[in-house]
Amino acid sequence: MMIEEKPEKNSGAEWWAERTKKLLDEQKTSWQLLKINYENLAKIQTREFTFEDFGIKIQFNPDRIKSSSADVSDVAIKSRQCFLCLENLPAEQNGLVTIRTFVRLLFFYVF
Ligand SMILES: [Zn+2]
């Protein structure tokens, strides 16, 4: 279900930042899968390597394998529903209506 909320005219970036944060907080309590995946972010391990004139940071996320190993064959992709179309969103996923044709959504690796 979408949150049909429109900011007052001239609402700026601060309003959107605050409302998006509130949406995330709400979704963490109302969407169990999101909550679990968010908690799983604590399992991420990082390591940094420094070289002479640059550095890299490597991240290992054990739960990322679910989406990293997804079937990306033509057949599999064509048989999937578009995850951007509103009618295909998980029932628990909410968003903010920005203007008539755009909706702000929070996307996480939830599948
Ligand atoms: Zn679509």
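In which helix does Asn 37 lie? Asn 37 belongs to helix 2, the element that covers residues 32-40, and the points below place that residue within the predicted model as a whole.

1. Overall make-up. The protein chain of this predicted model contains four helices and four strands, and reading along the sequence gives the order α-α-β-β-α-α-β-β. Of the 111 residues in the protein chain, 5% are buried, while 54% of the contacts with a separation of 6 or more are accounted for by residues 24 or more positions apart.

2. Confidence. The protein chain has a mean pLDDT of 82, with 77% of its residues reaching 70 or more. Confidence is highest in strand 1, at a mean of 96, and lowest in strand 4 (residues 102-105), where the mean is 63.

3. Helix 1. This helix runs over residues 13-30, and its 18 residues should span 26 Å at 1.5 Å a residue, which agrees with the 25 Å between its end C-alpha atoms. The number of buried residues in helix 1 is zero, so this helix lies largely in the open.

4. Asn 37 counts as partly exposed because 17 other C-beta atoms lie within 10 Å, whereas a buried residue would need 20 or more and an exposed one 12 or fewer. Asn 37 and Arg 64 are 27 residues apart along the chain, and their C-alpha atoms are separated by 9.9 Å.

5. The pairing of strands 1 and 2. Strand 1 (residues 45-50) and strand 2 (residues 55-60) pair in the antiparallel sense over six bridges, and the hairpin that joins strand 1 to strand 2 passes through four residues. Two of the facing positions can be followed in the structure above: Phe 49 stands opposite Ile 56 in strand 2, and Thr 50 has Gly 55 of strand 2 as its bridge partner.

6. Cover over the hairpin strands. Are the six residues of strand 2 buried, or does strand 2 lie largely in the open? The number buried in strand 2 is zero, so this strand lies largely in the open.

Methods
Residues are numbered from 1 along each chain as its sequence is written. This is a predicted model: local features need pLDDT of at least 70, side-chain atom pairs count only at pLDDT 80 or more; totals for chains, interfaces and linings use all residues. Two strands pair if DSSP finds at least two bridges between them. pLDDT is the predictor's confidence in each residue, from 0 to 100. Two residues are in contact if their C-beta atoms, placed from the backbone, lie within 7 Å. The expected span of a helix is 1.5 Å times one less than its number of residues.
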